[in-house]
Amino acid sequence: MTAQPNSSRLPALDAAAQHHSDTLLAYIQQQVQQQGGWLSFADYMQLALYTPHLGYYSGDANKFGAGGDFVTAPEMSPLFAQALANQVSQVLQVTAGNVLELGAGTGRLAAGLLQQLAALEQLPAHYFILEVSANLRQRQQACLQNLLPEDLFQRVQWLDHLPETFTGIVLGNEVLDAIPVHIVEWQSGQWLERGLIFDQPLTWQSQPLQDLSLVNDIDVSQLPDGYVTEVCPAAQGLIASLAKLLQQGVILMLDYGFSAREYYHPQRRQGTLMCHFQHYAHDDPLIYPGLQDITAHVNFTAMAETALAHGLNCAGYTTQAQFLMNSGILQLLQAVSPEDSARYLPMVAAVQKLLSPAEMGELFKVLALSKGLSEPLLGFVNGDKRHQL
């Protein structure tokens with residue numbers, strides 16, 4: 001496949017942004033040459049998102065909220081963090097452990113959770129944040145210092161790598177979707193892998209897939225010729241690492257995605273890759289490298305199977321809407337007076353977006369993986385879909 005990026009329908013770049021993207025593109029060109037003229041898409045996605053100082057998550061561009069490229073659930077409403085805190089509180093009560101958040105965004109989720117856990121009298125001794133972006137770490141520190149009293153802020157510690165052992169709850173809100181994926185294509189009875197060559201500009205080029213273990217779990221019997229999809233061994237590697245360090249507690253992953261049956265459905269023949277730039281969603285990852293988000297939906301079956309293979313239990317799997325309702329978001333909304341319309345109406349609109357099947361309610365899923373817990377988890381008391389994984 002050969003395709004040229006088309007940025008005509010996206011907002012234009014200013015000179016500084018163009019220079020930033022061009023600098024990263026020149027670095028990617030060097031990496032293509034060093035790899036013999038062909039770069040896997042997974043390597044490109046890693047470079048585009050995480051190259052120090054230049055990648056999307058490593059640079060200083062504003063990514064979140066109304067002024068960024070997309071809005072995450074914690075940015076929409078404080079009720080998201082408050083409802084999630086009810087589930088976190090339950091795990092902390094059982095384990096007497098701590099919280100570890102992976103990729104904390106602006107820090108707003110951490111702030112909301114700590115505030116609500118204080119109200120529930122279930123504060124952890126430590127709230128750990130593992131953040132690979134120095135720029136985002138600075139934003140998180142500023143946000144939390146601004147929103148939290150000193151005694152709560154002192155509980156927050158930033159980590160450079162995963163701890164050796166951990167007890168409590170590990171949180172990942174929209175983390176798995178940002179892990180680099182391989183793009184594979186079923187063509188004429190064989191698997192190809194899509195990658196890039198540098199031919200003024202970057203150009204797609206496929207070659208026979210070298211590591212066939214990447215596609216072992218995909219049933220090709222029903223796939224049409226030319227079927228394109230993604231696989232993410234790095235996300236499975238993260239789950240395996242978390243399983244190894246967890247002594248007792250829960251790993252809770254919230255993200256958009258499907259079970260394998262839906263993920264590799266014959267009709268989903270163009271995969272799930274999506275890009276976001278200033279609230280424009282599109283499917284061309286070659287545009288504006290370093291300035292746009294690149295994501296792929298999560299294969300939750302693969303995450304659960306990896307967890308089971310590494311000694312964890314699948315403690316729950318459901319939609320975001322069902323999880324939040326189980327965790328009490330509607331009761332939290334009812335506690336806000338409708339007479340205070342300036343506060344109530346935006347909250348109603350945000351909760352509707354979080355719960356609506358047409359918005360985030362059905363596409364986003366919540367997966368709970370546990371060790372050493374026998375108590376049913378609050379967020380999955382109704383609508384648990386583990387049988388669909």
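Reader: What makes up the lining of the second largest pocket, by class?

Author: In this predicted model, 17 nonpolar, 6 polar and 3 charged residues form the lining of that pocket.

Reader: On what basis are the values computed?

Author: The model is predicted, with pLDDT of at least 70 required for local features and 80 or more for side-chain atom pairs, while totals for chains, interfaces and linings use all residues. Residues are numbered from 1 along each chain as its sequence is written, and side-chain values use heavy atoms, with hydrogens and water left out.

Reader: Which residues lie nearest the centre of the second largest pocket, and which elements supply its lining?

Author: Cys232, Gln236, Tyr264, Asn299 and Ala302 lie nearest the centre, out of 26 lining residues. At least two lining residues come from each of β9 (227–231), α8, α9 (260–263), β14 (298–299) and α10 (300–309); α10 gives the most, with 4 residues. The volume of this pocket is about 350 Å³. A pocket is an open set of points on a 1 Å grid over the protein atoms alone, where a 1.4 Å probe fits and protein lies on both sides within 12 Å along at least five of seven lines; lining residues have an atom within 4 Å of a point. Grid points are joined across faces, edges and corners, and the volume is the space filled by probe spheres set on the points.

Reader: What is the volume of the largest pocket, and what lines it?

Author: The largest pocket has a volume of about 1,100 Å³. Its lining has 47 residues, with Tyr57, Glu174, Val175, Asp177 and Ala178 nearest the centre. By class, 25 are nonpolar, 11 polar and 11 charged. Helix α3 provides the largest share, 3 residues, and the elements that each supply at least two include α2 (41–50), β2 (98–102) and β13 (293–295). Helices (H or I, at least four residues) and strands (E, at least two) are DSSP runs, numbered from the N terminus.

Reader: How do you know that the span of α6 agrees with that of a helix?

Author: Helix α6 holds 14 residues (134–147) and should therefore span 20 Å at 1.5 Å a residue; its end C-alpha atoms are 20 Å apart, which agrees. The expected span is 1.5 Å times one less than the number of residues. For α5, the 12 residues reach 17 Å, close to the 16 Å expected.

Reader: Why is Tyr317 called buried?

Author: Tyr317 has a relative accessible area of 2%, and buried means under 20%, exposed over 50% and partly exposed in between (1.4 Å probe, protein chains only); Tyr317 is therefore buried. It lies in strand β15 (residues 313–319). Leaving aside neighbours within four places in sequence, the contacts of Tyr317 (heavy atoms within 4.5 Å) include Phe258, Phe300, Leu367, Phe380 and Leu389.

Reader: Why are Ala96 and Glu121 called exposed?

Author: Ala96 has 71% relative accessibility and so counts as exposed; Glu121, at 72%, therefore counts as exposed as well. Ala96 lies in the loop between α4 (78–95) and β2, and Glu121 in the loop between α5 and β3.

Reader: What makes His19 exposed?

Author: His19, in helix α1 (residues 15–34), has a relative accessible area of 58% and is therefore exposed.

Reader: Which residues have the most contacts inside the largest nonpolar core?

Author: Phe41, Tyr44, Leu102 and Ile294 have the most contacts inside this core of 70 residues. A nonpolar core is a set of buried Ala, Val, Leu, Ile, Met, Phe, Trp, Tyr and Cys residues joined through side-chain atoms within 4.5 Å. Residues touched by Leu102 include Leu130, Leu162, Val170, Leu238 and Met253, with residues up to four places away in sequence not counted. A second, separate core of 53 residues includes Leu79, Tyr127, Val156 and Ala368.

Reader: Which residues of α6 are buried, and against what do they pack?

Author: Asn135, Leu136, Arg137, Gln140, Cys143 and Leu144 are buried in α6. The buried residues of α6 pack against α5 (108–119), β3 (127–130), α7 (150–153) and β4 (156–159).

Methods:
Ala, Val, Leu, Ile, Met, Phe, Trp, Tyr, Cys and Pro count as nonpolar, Asp, Glu, Lys and Arg as charged, and the others, Gly among them, as polar.
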